[in-house]
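Q: I have a structure open and would like to go through it in pieces. Can we do it question by question?

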Amino acid sequence: MSIAQAVKMALKNIYTNKLRSLLTMLGIIIGVAAVIALVSIGNGATTKVTDQVKSLGSNLINVNIQGRGVQRSISYDQAMSYKNIKEVKYVSPILSANTNVSSENITKKVSIDGINDEYQKIREYDVDYGRFILPIDVDYRQKVAVLGSNIVYELFGSSNPIGNYIKINGSSYKVVGVLAEKEASMMENINDKIIIPISSAQRQFKSAGVNAIYIQATSEHTVEAAKEKIEKKLLKYFKNDDDSFRLFNQQDMLKTMGTITTTLTMALGGIAGISLVVGGIGIMNIMLVSVTERTREIGIRKAIGAKKRDILIQFLIESVVLSTIGGIIGVGVGLLMAKGASSVLDLQFVVSLNTILLSVGFSWFVGVIFGLYPANKAAKMNPIDALRYE
Amino acid sequence: MTQNIIEINDVSKIYHLGGEVVKALDGISLNVEKGEFVAIIGPSGSGKSTLMNIIGCLDVPTKGEYALDGKSIKDYNDNGLAKVRNEKIGFIFQQFNLLSRLTALENVELPLVYQGIEAKERRQIAMDCLKRVGLENRYTHYPNQLSGGQQQRVAIARALASRPSILLADEPTGALDSKTGKEVIEMIKEINREGQTVILITHDLKVAQSARRQIVLADGKIVEQGGEV
């Protein structure tokens, strides 16, 4: 008997027992759908996190000054001296603080970053209206401020803030610009911040040092070299106390994030994979029932000349066809679920062809493995006993 | 010279049922020539079903020789026996044993499916067989849409599809009323007249009288053999 004939026979049999076939396939459908949906959501989350890290600016090196040990902080000029390194393009030291800010209407605790003009180039921020902090503001300790898009609304409502004044810890700052809204990352939300010249911040917050330094390398190829040189300088400055600062670049973060999300995706996929195996057991269960129910049919087929192999192939193909159809339906359902979930969770809808092929392949494999035992049981039946079966 | 299709020589079949030894067949010898119509009669428990299973290659003897078409069935393994059943034996059962999910035509085609004959040719042969039993107009019907007599005729068509050496009918009228039973027997006689070797197994003497030779079994032995009973 040819395979095509067996497939035809299997399809006919599956069609005849529509409800039972559907219930049998349900396990596989749910399993495959879960794998597809969860892996797709996992991939979507990975893409989102990666985009967020990238949105911090490209070729970025981040230095956090922890302020422990003998040398407790680093000065603005010291930080700016890293610009002399060949591989470094921009340097933006930052002094940040949380403090009360008030307009005519409201007083609010706000996160304030003291920065220089290179900050904008590194972080790729756009100004919606007004202007950014200029070098002259830093040089002359101008009391000017640029507001994030949320904070502007909170302090001034819908009226134009440019030229108005805000009070930071009681001293007046002139609002000169408003930043364009930028999607908040898990690292920070620029929309809720106020930025002022770093020199003004140092005086305002009575601190000579900086909290952090954002450094941009000249290209992605020079990031590592730049990082090493900066690390050397920092170690020297902090007298070899590497607890005093933390240095990391974007690639490090991407790698860490990548590891986390990949592990997560695999764990989700693995759990879903277990349900595929459970689905396979469901198929085996039904196939065993089916073999028993059709004992007489098997006897008749054997009496009129079916070989062991013919019966084996018939039942095996039935189980494989069941699981494969289940797998294909599962892919459809899974993609729909992934699409729905990604729009609800605001993730990118990522379809991985590999995952689809893998889960259909796996359901096929499940059909073979769990179909083998019932099919073999059918093939081994003695025709005389099978014919006598009521 | 007439040719023996079946040569059974001193065949015994012994079963072990829970430590007890049951001799279902006890030294049976029997020859059937090509074109014969033989009835095997006997009460239940006489061993006629066992004999049918052995003649039909569903079972093998414990002792003795059985040759079909001049070839000893000892030379065949499981697959070989399946092939012999497929090509040389046409079964007709008391309960018709049609596959309920297949149409009449598909049922008749089934032995040919296992021979690997392609669909078009298969259909042609199956239609010819259905014509021979007068059911060519019912070929799309499923077994449950046919009367008992019609179902048995489909089963006869199926048995004829692979042009078997012997037609092996096990109580073919057992599930039918006497009128349709008679019709079925007439049909089998007709097929025999066309040259088909037929072996009929029954406990019904009237049915057995349709055959040209009767063999009476009791307790696993042949007790009577003759042209007329």
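Q: Which residues does A:Tyr129 touch, leaving out those up to four places away in sequence?
A: In this predicted model, A:Tyr129 touches A:Asn160, A:Pro161, A:Ile162, A:Val176, A:Gly177 and A:Val178. Contact means heavy atoms within 4.5 Å.

Q: Where does A:Tyr129 lie?
A: A:Tyr129 is in strand 5 of chain A, residues 127-130. Helices (H or I, at least four residues) and strands (E, at least two) are DSSP runs, numbered from the N terminus.

Q: And is A:Tyr129 exposed or partly exposed?
A: A:Tyr129 has a relative accessible area of 39%, so it is partly exposed. Buried means under 20% relative accessible area, exposed over 50%, and partly exposed in between (1.4 Å probe, protein chains only).

Q: Before going on, what are the ground rules for numbering and values?
A: Residues are numbered from 1 along each chain as its sequence is written, while chains are lettered from A and ligands numbered from 1 in the order in which they are written. In this predicted model local features need pLDDT of at least 70, side-chain atom pairs count only at pLDDT 80 or more, and totals for chains, interfaces and linings use all residues, while side-chain values use heavy atoms, with hydrogens and water left out.

Q: OK, chain A overall. How many helices and strands?
A: Chain A has 13 helices and 12 strands. Its C-alpha trace spans about 105 × 50 × 30 Å along the principal axes, and buried residues make up 50% of its 390 residues.

Q: What is the radius of gyration of chain A, next to a compact globule?
A: Chain A has 33 Å, but a compact globule of 390 residues would have one near 21 Å. The radius of gyration is taken over C-alpha atoms, and the globule rule is 2.2 Å times the number of residues to the power 0.38.

Q: And chain B, on that same point?
A: Chain B has 17 Å, which agrees with the value near 17 Å for a compact globule of 229 residues. The C-alpha atoms of chain B fill a box of roughly 50 × 45 × 40 Å along the principal axes. Chain B has 7 helices and 10 strands, and 55% of its residues are buried.

Q: Back to chain A. How do helix 2 and helix 9 cross?
A: Their axes come within 8 Å and cross at roughly 175°. Helix 2 of chain A and helix 9 of chain A are therefore roughly antiparallel. Axes are lines fitted to C-alpha atoms, for helices over the stretch in contact, and angles run from 0 to 180 degrees between N-to-C directions. Angles under 35 degrees count as roughly parallel, over 145 as roughly antiparallel, 65 to 115 as roughly perpendicular and the rest as oblique.

Q: Which residues does A:Gly27 touch?
A: A:Gly27 touches A:Ser275 and A:Gly279, not counting residues up to four places away in sequence. A:Gly27 lies in helix 2 of chain A, residues 18-55. The C-alpha atoms of A:Gly27 and A:Ser275 are separated by 7.2 Å, with the two 248 residues apart along the chain. A:Gly27 counts as partly exposed, at 24% relative accessibility.

Q: What about helix 9 and helix 12 of chain A?
A: The axes of helix 9 (residues 250-293) and helix 12 (residues 353-379) come within 9 Å and cross at roughly 30°. That makes the two helices roughly parallel.

Q: How many residues in helix 3 of chain B are buried?
A: Of the 12 residues in helix 3 (residues 104-115) of chain B, 10 are buried, so the helix is largely enclosed by the rest of the structure. Among them are B:Leu105, B:Glu109 and B:Tyr114.

Q: What covers them?
A: The cover includes helix 1 (3-16), helix 10 (295-303) and helix 11 (308-344) of chain A, together with helix 2 (78-88), helix 4 (119-132) and helix 5 (148-161) of chain B. After helix 3 of chain B comes B:Gly116, whose phi is positive, near 80°.

Q: Where does B:Asp219 lie?
A: B:Asp219 is in the loop between strand 9 (213-218) and strand 10 (221-226) of chain B. It has a positive phi of about 50° although it is not a glycine. B:Asp219 counts as exposed, at 66% relative accessibility.
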